[in-house]
Amino acid sequence: MRKGIFAGLRFTSLRLRLVVVFALVALTAAVSASGIAYWLNREAVLTRTQDGALNDFRQEMQNRAATLPLHPTQDDLRRTAEQMAGGSAGYSVLLLGEREAGKPIVGASDPDTFTLADVPRELQVAVETRRPVTEGNAHPYHLFWQRTQRGQTPYLVGGTNIDGGGPTGYMFKSLDAERQDLNSLAWSLGIATALALIGSALLAQAAATTVLRPVHRLGEAARQLGEGKLDTRLRVSGTDELADLSRTFNSAAESLQKKVADMSSREESSRRFVADMSHELRTPLTALTAVTEVLEDEQDSLDPMIAPAVALVVSETRRLNDLVENLMEVTRFDAGTARLVLDDVDVADQVTACIDARAWLDAVELDAVRGTMARLDPRRLDVILANLIGNALKHGGSPVRVSIRDEGDELVIAVRDHGPGIPEEVLPHVFDRFYKASASRPRSEGSGLGLSIAMENALIHGGSITAANSPDGDGAVFVLRLPHQSEPGEGSEK
């Protein structure tokens, strides 16, 4: 089903912001243009009507009111007012005169529509005021006008006096027809503004789609590149800025692909070198181990001057043998060839066997219930336990306590010592390869790989190991978490 134009838009999206900006610009332009057009048309319509009515009124005053006697009767004023209002201009007329000195009379074309009360006082004063005749002012009286309103209807009121004596005349014209025309014009301009706003939104949507489609493709390509698809490239068309951006992306992706390929090749060579070196070392180490075992058996009968050297050779040979084995194990994890060989294991029995095989029974306390079963790789579990318990005995303090808990979905094994604990700055690095807490002890008995290998074996089971100091400040605690059912044949997670 086709989605609507604004379906799925978020206020923070670039598409919506483009549409809003386009709409605001179009709205501002349309409102400004409509306002200016309305104002100009309004002034033009009112000025045309006003000028026509005032000019006609002036002409009627000259042609009819000026012919009245100096002291006309009220009927004369009324009849003349009716004649003046009977033209095509469509206004009412009010004439003011004097029957005798000090006795004013009024003649109106339509007393029900227009009386002297409808004439603003300030307009009356302006019309009645006589001005001196000068070079810049040829007439003592002028025609004055004012726009007023009665109810909701606008009106034009104008007035003038006759030079040389005569009645004062006022005209009163309704501007309701012009008001209706201007209202129609305002509605038309409003509709035009709304149409312009809708059109601008449609144009903005089209422009946003044109602009954002390449941006979307660029974002999708960047996501694929981040997922490891280094052969991702963008199709380049045109010569604009987006095309330049696509070319830059393709160039960067190509360079990244080359560098990653080079690094992968080097890493593979390094792994192969370590694996080959470890493999090649095993043959001479086997011979050395056999010799050192013989020397160790004869150590008591050796010359006291030679015995320490023999003991050193024996210990260093064993250390070298452990290092080679650890390197080979690390290489298997890095190559992704490490696999699980699962079996149903009584965890308490497995921990006991690990401790017994290494003669740690006197130094380790076990808190476990027999019969806690889990499907694990026994050899890898033994490697994890040996490294965690051996690390606690070597760097912590006795007694070392191993506790086993079954928490339903997972098995939890905690190894706690009673030593000085782990410095806070060391905690984030305890599982790093070849990391040693003290740079002043570069030749410690360990290889720096034990805890790293323990973590790799936990990860391949789908578990984890965490390290922390005991809350009471007495020693460190390593917690191993393993699922009850591990998937066979999983590679190590990096």
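Visitor: Okay, which side chain meets glutamate 410 in a salt bridge?
Guide: That's arginine 481, with 2.8 Å from N to O. Keep in mind that this is a predicted model.
Visitor: Where do glutamate 410 and arginine 481 sit?
Guide: Glutamate 410 is in strand β10, residues 410–416, and arginine 481 is in strand β12, residues 476–483. The two are 71 residues apart in sequence, so the pair ties together parts of the chain separated by that stretch.
Visitor: Which residues are joined with them in one network?
Guide: Salt bridges with shared partners link Arg405, Glu407, Glu410 and Arg481.
Visitor: And glutamate 410, is it buried, partly exposed or exposed?
Guide: Partly exposed, because its relative accessibility is 26%. Arginine 481 also counts as partly exposed, at 29%.
Visitor: Why can side chains like that pair at all?
Guide: Opposite charges can pair up when the charged atoms come close to each other.
Visitor: How many salt bridges are there in the whole structure?
Guide: A search finds 19.
Visitor: Show me one in a helix. What does arginine 179 pair with?
Guide: Arginine 179 meets aspartate 176, at 2.6 Å from N to O. Both belong to helix α4, residues 176–226, and because they are three residues apart, about one helical turn separates them. Arginine 179 is partly exposed, with 29% relative accessibility.
Visitor: How exposed are glutamate 254 and lysine 258?
Guide: Glutamate 254 has a relative accessible area of 39%, so it's partly exposed. Lysine 258 comes in at 55% and is exposed, because the cut-off for that word is over 50%.
Visitor: New topic: surface patches. Which residues make the patch of negative charge?
Guide: Glu293, Asp297, Glu298 and Asp300 gather there on the surface. Glutamate 293 is part of helix α5, which covers residues 241–297. With 44% relative accessibility, glutamate 293 is partly exposed.
Visitor: And which residues make up the nonpolar patch?
Guide: Val20, Leu24, Leu27, Val31 and Leu197 form it, and it covers about 370 Å².
Visitor: Which helix gives the most to that patch?
Guide: Helix α1, residues 14–63, contributes four residues. Valine 20 is placed in helix α1, and it's partly exposed at 35% relative accessibility.
Visitor: Let's zoom out. How many helices and strands does the chain have?
Guide: Nine helices and 12 strands.
Visitor: What share of the residues is buried?
Guide: Of the 494 residues in the chain, 36% are buried.
Visitor: Last one: what share of the contacts links residues 24 or more positions apart?
Guide: It's 63%, counting contacts with a separation of 6 or more. The pair we began with, glutamate 410 and arginine 481, is 71 residues apart in sequence.
Visitor: Nice, thanks!

Note on methods. Residues numbered from 1 in each chain as written. Predicted model: local features only at pLDDT ≥ 70, side-chain atom pairs only at ≥ 80, totals over all residues. Heavy atoms only, no water. Patch = residues over 30% accessible without salt bridge, like charges linked within 9 Å, V, L, I, M, F, W, Y side chains within 5 Å. Areas by Shrake-Rupley, 256 points an atom, 1.4 Å probe, with all protein chains shown as cover. Salt bridge = Lys/Arg side-chain N within 4 Å of Asp/Glu carboxyl O. Lys, Arg positive; Asp, Glu negative; His and termini not counted. Charge placed at Lys NZ, Arg CZ, Asp CG, Glu CD. Buried < 20%, exposed > 50% of the residue type's maximum accessible area, 1.4 Å probe, protein only. Contact = heavy atoms within 4.5 Å.
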